[in-house]
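Please open the model in the viewer and keep the selection tool at hand. The stops below are meant to be followed in order.

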Amino acid sequence: MQRMLILKRSKFILEARDLNSALSDEGLENSYGLEVGKTIQKSIAKGLFGNGLINNIAMNSSCLLMREWVVQHSCAEVTW
């Protein structure tokens, strides 16, 4: 029973990882909001930022957060 619960949790974590990665990739490939993730990505490519763990986390999480905000607020009641 305990082993089944661990396997279910592991599967959920892996599915969440895949979904978050796909959303982050979407944010890096397309223009959403202030394009913070894309700006970090370009700065890394130009050598202005280091290509380290912290910068990559910031780049990917900012894309993910902005994409989620756009999805949640893309209804008729939002005015730009």
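**From the surface to the core**

Begin by selecting I57, which lies in helix α3 (residues 53-72). The model is a predicted one. I57 counts as partly exposed because its relative accessible area is 46%, a value between the 20% and 50% cut-offs.

Next, display helix α2, which spans residues 36-45. Its buried residues are G37, K38, I40, S43 and I44.

Select S43, a residue of helix α2. S43 is classed as buried because its relative accessible area is 11%, under the limit of 20%. With residues up to four places away in sequence set aside, S43 touches L48 and F49.

Then move to I40. Beyond its neighbours within four places in sequence, I40 is in contact with F49, N55, A58 and M59.

Now select L28, I40, I44, M59 and C63 as one group. These five residues make up the largest nonpolar core. Helices α2 and α3 are the elements that each supply two or more residues to this core. In soluble globular proteins, nonpolar side chains tend to be buried together.

For the last stop, go to the residue G47, which follows α2.

How values were computed:
Residues numbered from 1 in each chain as written. Predicted model: local features only at pLDDT ≥ 70, side-chain atom pairs only at ≥ 80, totals over all residues. Heavy atoms only, no water. Helix = DSSP H or I, 4+ residues; strand = E, 2+ residues; numbered from the N terminus. Buried < 20%, exposed > 50% of the residue type's maximum accessible area, 1.4 Å probe, protein only. Contact = heavy atoms within 4.5 Å. Core = buried A, V, L, I, M, F, W, Y, C linked by side-chain atoms within 4.5 Å.
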